[in-house]
Amino acid sequence: MDVKKIRHFNRFYTGVLDVFSNKVFKLDYSLLEMRALGEIGRESGITANKLSNILSIDKTYLSRILKKLERDGYISRERDNNDGRIYHFMLTSSGEILNDYVEKKSDEKVQSSLNKLSPHDIEKLEQSMKNIEKILLKTGSKDDLI
(Lines give C-alpha, C1' and ligand atoms only; values in the text may rest on other atoms or scores of the structure.)
Protein backbone atom coordinates (compact mmCIF):
# COMPACT_ATOMS: atom_id res chain seq x y z
CA MET A 1 0.00 0.00 0.00
CA ASP A 2 1.13 3.50 -0.75
CA VAL A 3 2.25 5.40 2.37
CA LYS A 4 0.61 8.54 0.98
CA LYS A 5 -2.81 6.82 1.09
CA ILE A 6 -2.44 6.03 4.78
CA ARG A 7 -1.26 9.55 5.56
CA HIS A 8 -4.15 10.97 3.51
CA PHE A 9 -6.61 8.90 5.54
CA ASN A 10 -4.96 10.02 8.79
CA ARG A 11 -5.33 13.68 7.79
CA PHE A 12 -8.92 13.12 6.71
CA TYR A 13 -9.86 11.37 9.94
CA THR A 14 -8.13 13.86 12.24
CA GLY A 15 -10.17 16.52 10.41
CA VAL A 16 -13.38 14.58 11.00
CA LEU A 17 -12.50 14.35 14.68
CA ASP A 18 -11.50 18.03 14.78
CA VAL A 19 -8.45 17.05 16.86
CA PHE A 20 -6.59 20.28 16.21
CA SER A 21 -9.34 22.53 17.49
CA ASN A 22 -8.26 24.68 20.41
CA LYS A 23 -11.65 24.36 22.03
CA VAL A 24 -13.91 21.37 22.53
CA PHE A 25 -17.62 22.19 22.58
CA LYS A 26 -16.81 25.89 23.01
CA LEU A 27 -14.96 25.20 26.25
CA ASP A 28 -11.49 26.59 26.92
CA TYR A 29 -9.99 23.12 26.64
CA SER A 30 -8.40 21.20 23.81
CA LEU A 31 -9.40 17.71 22.78
CA LEU A 32 -6.27 16.33 24.45
CA GLU A 33 -7.10 18.08 27.72
CA MET A 34 -10.60 16.62 27.62
CA ARG A 35 -9.20 13.19 26.73
CA ALA A 36 -7.01 13.38 29.85
CA LEU A 37 -10.04 14.33 31.93
CA GLY A 38 -12.02 11.47 30.40
CA GLU A 39 -9.29 8.91 31.05
CA ILE A 40 -9.11 10.03 34.69
CA GLY A 41 -12.88 9.64 34.83
CA ARG A 42 -12.67 6.12 33.38
CA GLU A 43 -9.92 5.09 35.82
CA SER A 44 -10.03 7.01 39.05
CA GLY A 45 -6.63 6.91 40.73
CA ILE A 46 -4.72 6.63 37.45
CA THR A 47 -1.06 7.63 37.57
CA ALA A 48 0.58 10.18 35.29
CA ASN A 49 2.81 7.46 33.86
CA LYS A 50 -0.15 5.33 32.78
CA LEU A 51 -2.00 8.39 31.48
CA SER A 52 1.05 9.41 29.46
CA ASN A 53 1.13 5.97 27.86
CA ILE A 54 -2.60 5.92 27.09
CA LEU A 55 -2.52 9.38 25.50
CA SER A 56 0.87 8.85 23.83
CA ILE A 57 2.22 12.19 25.02
CA ASP A 58 5.38 13.09 26.86
CA LYS A 59 5.24 13.56 30.60
CA THR A 60 6.19 17.25 30.46
CA TYR A 61 3.22 18.10 28.24
CA LEU A 62 0.94 15.91 30.36
CA SER A 63 2.17 17.67 33.48
CA ARG A 64 1.02 21.03 32.06
CA ILE A 65 -2.39 19.56 31.24
CA LEU A 66 -2.78 18.06 34.70
CA LYS A 67 -1.73 21.30 36.40
CA LYS A 68 -4.31 23.23 34.37
CA LEU A 69 -7.09 20.75 35.20
CA GLU A 70 -6.10 20.75 38.87
CA ARG A 71 -5.84 24.57 38.99
CA ASP A 72 -9.31 24.82 37.45
CA GLY A 73 -10.72 22.46 40.08
CA TYR A 74 -11.55 19.49 37.84
CA ILE A 75 -9.06 16.96 39.19
CA SER A 76 -7.30 16.27 42.45
CA ARG A 77 -4.28 14.17 43.22
CA GLU A 78 -3.13 12.01 46.09
CA ARG A 79 0.38 10.85 46.84
CA ASP A 80 0.94 7.10 46.58
CA ASN A 81 1.23 5.40 49.99
CA ASN A 82 4.21 3.29 48.91
CA ASP A 83 6.10 5.70 46.66
CA GLY A 84 5.99 9.40 47.44
CA ARG A 85 7.08 10.29 43.89
CA ILE A 86 3.87 8.88 42.41
CA TYR A 87 0.50 10.64 42.40
CA HIS A 88 -2.94 9.25 41.68
CA PHE A 89 -5.43 11.49 39.89
CA MET A 90 -9.19 11.63 40.43
CA LEU A 91 -12.02 13.80 39.20
CA THR A 92 -13.50 16.29 41.62
CA SER A 93 -17.28 16.76 41.66
CA SER A 94 -16.81 19.66 39.20
CA GLY A 95 -14.65 17.39 37.06
CA GLU A 96 -17.35 14.72 37.04
CA ILE A 97 -19.90 17.29 35.88
CA LEU A 98 -17.60 18.54 33.11
CA ASN A 99 -16.66 15.01 32.06
CA ASP A 100 -20.32 13.97 31.92
CA TYR A 101 -21.08 17.03 29.79
CA VAL A 102 -18.24 16.33 27.34
CA GLU A 103 -19.15 12.64 27.11
CA LYS A 104 -22.79 13.52 26.41
CA LYS A 105 -21.88 16.11 23.78
CA SER A 106 -19.43 13.68 22.17
CA ASP A 107 -22.11 11.00 21.98
CA GLU A 108 -24.54 13.51 20.48
CA LYS A 109 -21.98 14.57 17.86
CA VAL A 110 -21.36 10.99 16.78
CA GLN A 111 -25.08 10.20 16.78
CA SER A 112 -25.75 13.26 14.63
CA SER A 113 -23.23 11.98 12.09
CA LEU A 114 -24.71 8.49 12.16
CA ASN A 115 -28.22 9.87 11.59
CA LYS A 116 -27.06 10.97 8.13
CA LEU A 117 -26.15 7.40 7.17
CA SER A 118 -28.26 4.44 6.11
CA PRO A 119 -28.33 1.35 8.34
CA HIS A 120 -26.30 -0.44 5.65
CA ASP A 121 -23.63 2.29 5.67
CA ILE A 122 -23.50 2.19 9.48
CA GLU A 123 -22.97 -1.55 9.39
CA LYS A 124 -20.19 -1.15 6.79
CA LEU A 125 -18.59 1.61 8.88
CA GLU A 126 -18.66 -0.53 12.03
CA GLN A 127 -17.09 -3.47 10.21
CA SER A 128 -14.48 -1.22 8.62
CA MET A 129 -13.52 0.24 12.01
CA LYS A 130 -13.18 -3.25 13.48
CA ASN A 131 -11.01 -4.30 10.54
CA ILE A 132 -8.77 -1.22 10.76
CA GLU A 133 -8.28 -1.72 14.50
CA LYS A 134 -7.59 -5.44 14.14
CA ILE A 135 -5.07 -4.89 11.35
CA LEU A 136 -3.29 -1.96 12.98
CA LEU A 137 -2.91 -3.85 16.26
CA LYS A 138 -0.57 -6.14 14.34
CA THR A 139 1.89 -3.25 13.92
CA GLY A 140 2.51 -3.23 17.66
CA SER A 141 2.55 0.54 17.90
CA LYS A 142 0.12 3.25 16.93
CA ASP A 143 3.14 5.61 16.73
CA ASP A 144 4.28 3.75 13.59
CA LEU A 145 1.42 5.22 11.60
CA ILE A 146 1.70 8.92 12.42
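I started with α2, where Glu33, Met34, Ala36, Leu37, Gly38, Glu39 and Ile40 are buried (under 20% relative accessible area with a 1.4 Å probe and protein chains only; over 50% is exposed, and in between is partly exposed). I'm reading a predicted model, where local features need pLDDT of at least 70, side-chain atom pairs count only at pLDDT 80 or more, and totals for chains, interfaces and linings use all residues. Residues are numbered from 1 along each chain as its sequence is written, and side-chain values use heavy atoms, with hydrogens and water left out.

Next I checked what the buried residues of α2 pack against: β1 (46–47), α3 (48–55), α4 (59–71), β2 (75–79), β3 (87–91) and α5 (93–114). Helices here are DSSP runs of H or I with at least four residues, strands are E runs of at least two, and numbering goes from the N terminus. Contact means heavy atoms within 4.5 Å.

Then I went to the aromatic rings. Rings of Phe, Tyr and Trp (its six-membered ring) pair if their centres lie within 6.5 Å; planes under 30 degrees apart are stacked, over 60 edge-to-face, the rest tilted. I got 3 aromatic pairs by that rule. Phe9 and Phe12 have ring centres 6.5 Å apart and planes at 45 degrees, so I noted the pair as tilted. Phe9 and Tyr13 have centres 6.0 Å apart and planes at 5 degrees, so that pair is stacked. Phe9 and Tyr13 are 4 residues apart in helix α1, about one helical turn. I found Phe9 partly exposed at 39% relative accessibility, and Tyr13 partly exposed at 37%. Ring pairs link Phe9, Phe12 and Tyr13 into a cluster.
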